[in-house]
Amino acid sequence: MNIDGATALVTGANRGIGRHFAGELLRRGAKVYATARRPESVDIPGAEVIRLDITDQASVDAAAAYATDVDVLINNAADTAGGNLVTGDLAAIRSTMDSNYYGTLAMIRAFAPILARNGGGAILNVLSAAAWNTVDGNTAYAAAKSAQWGLTNGVRRELEGQGTLVSALVPALVGTQTLLDFAQRHGIVFPEGAVGDPGDLVRRALDGLEADEIEILDPLAAEAKATLAGPPQAFAL
Ligand SMILES: NC(=O)c1ccc[n+]([C@@H]2O[C@H](COP(=O)([O-])OP(=O)(O)OC[C@H]3O[C@@H](n4cnc5c(N)ncnc54)[C@H](OP(=O)(O)O)[C@@H]3O)[C@@H](O)[C@H]2O)c1
């Protein structure tokens with residue numbers, strides 16, 4: 001997949017990893033639609049800003065009606081704070097599933113025909129090692145990421161025929177404000193070197209996309225995936 005000259009749409013581009021995606025795509029020569037629920041919160045010179053809530057079908061349809069030249073779709077946006085499954089707030093659990101699973105799916109359903117018309121292109125879904133190693137304090141997020149992993153594998157099979165590359169980016173710990181706030185709330189101190197830099201992650205992701213990789217893992221995510229072949233006791237982070 002060639003990024004130079006491509007047209008990319010990034011969800012949740014106003015902050016965190018999504019903001020890094022928009023910036024790096026521009027640096028690599030792509031036209032970029034930087035989308036966000038609050039367009040006024042996007043500050044990325046050179047990007048075209050669109051309002052987009054991935055859990056609102058009308059909003060997704062409007063983005064797809066407007067951005068008809070997209071050939072790279074970066075599904076980054078997600079609500080990451082579902083809490084625990086048994087004792088947590090059910091509305092928060094639903095919201096986490098809604099954005100990670102149904103929101104990502106809505107974007108893919110809306111943009112798959114556009115990608116087909118534009119030659120196939122690529123979809124990159126931002127997953128998490130939490131899909132494989134659950135996190136006490138946010139088991140709802142881990143379950144939603146597991147669902148999103150299944151979705152990614154399924155969609156890859158379905159879109160193979162139209163020539164769309166469907167790739168999974170699987171990071172473990174990335175130093176965005178959201179992660180740092182979560183750690184502080186739960187009194188978590190990460191081991192030295194465990195938390196990755198969002199800029200490094202995004203560069204690695206786009207290198208992977210350019211090399212047509214279907215799964216792009218950071219080292220901790222690779223360890224998490226390896227536990228799947230072992231006893232299930234290893235699935236807790
Ligand atoms: N940081 C990590 O350690 C880490 C590790 C593994 C995977 N990830 C994944 O990486 C992605 C980005 O994480 P991050 O740390 O950058 O998170 P973040 O800083 O909290 O950013 C989340 C982004 O998603 C947007 N968003 C949430 N719900 C949305 C919706 N319904 N429609 C449109 N946008 C929505 C937020 O918009 P608002 O500003 O409007 O809230 C925000 O732009 C997520 O998929 C996350 O699961 C992160």
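In strand E5, Asn125 is the bridge partner of Asn75. Helices and strands here are DSSP runs numbered from the N terminus, with at least four residues (H or I) for a helix and at least two (E) for a strand. The chain passes from E4 to E5 by way of helix H3 (residues 90-117), and this β-α-β crossover is right-handed. To picture that, point the strands away from the viewer: a crossover is right-handed if the path from the first strand over the helix to the second runs clockwise. Strand E4 (residues 72-75) and E5 run parallel and are joined by four bridges; two strands pair if DSSP finds at least two bridges between them. This is a predicted model, where local features need pLDDT of at least 70 and side-chain atom pairs count only at pLDDT 80 or more, while totals for chains, interfaces and linings use all residues. Residues are numbered from 1 along each chain as its sequence is written, and side-chain values use heavy atoms, leaving out hydrogens and water.

E5 has another partner too. Strand E6 (residues 165-170) pairs with E5 in the parallel sense over five bridges, and Leu165 in E6 is the bridge partner of Ala122. To get from E5 to E6, the chain goes through helix H4 (residues 139-159), and this β-α-β crossover is right-handed.

How much of E5 itself is covered? Five of the five residues in E5 (residues 122-126) are buried, buried being under 20% relative accessible area, exposed over 50% and partly exposed in between, with a 1.4 Å probe and protein chains only. In a regular strand, side chains alternate between the two faces of the sheet. In E5 both faces are covered, with Ala122, Leu124 and Val126 buried on one side and Ile123 and Asn125 buried on the other.

Now for the whole chain. Seven helices and seven strands make up its list of elements, and from the N terminus on they run β-α-β-β-α-β-α-β-α-β-α-α-β-α. The radius of gyration is 17 Å, close to the 18 Å that the globule rule gives for 237 residues, so the chain is as compact as a globular protein of that length. That radius is taken over C-alpha atoms, and the rule is 2.2 Å times the number of residues to the power 0.38. The C-alpha trace spans about 45 × 35 × 30 Å along its principal axes. Of the 237 residues, 49% count as buried. Counting contacts between residues at least 6 apart in sequence, 67% join residues at least 24 apart, a contact meaning heavy atoms within 4.5 Å.

Next come the aromatic rings. The chain has three aromatic pairs, where rings of Phe, Tyr and Trp (its six-membered ring) pair if their centres lie within 6.5 Å, and planes under 30 degrees apart count as stacked, over 60 as edge-to-face and the rest as tilted. One of these involves Tyr33 and Tyr66, with ring centres 6.2 Å apart and planes at 75°, so the pair is edge-to-face. Tyr33 sits in strand E2 (residues 31-36) and Tyr66 in helix H2 (residues 57-66), so the pair ties together parts that are 33 residues apart in sequence. Tyr33 is buried at 3% relative accessible area, whereas Tyr66 is partly exposed at 47%. Trp132 and Trp149 also form an edge-to-face aromatic pair, at 5.3 Å centre to centre and 85° between the planes. This pair links distant parts of the chain, as Trp132 is in the loop between E5 and H4 and Trp149 is in helix H4, 17 residues apart. Trp132 is buried, with 4% relative accessibility, and Trp149 is partly exposed, with 22%.

Most residues other than glycine have a negative phi. Asp212 is not a glycine, yet has a positive phi of about 60°. Asp212 lies in the loop between helix H6 (198-210) and strand E7 (215-217), and is partly exposed at 43% relative accessible area. Over in helix H3, Ser99 is buried at 5%. Leaving aside residues up to four places away in sequence, Ser99 touches Ile54, Thr55, Ala78, Asp79 and Thr104.
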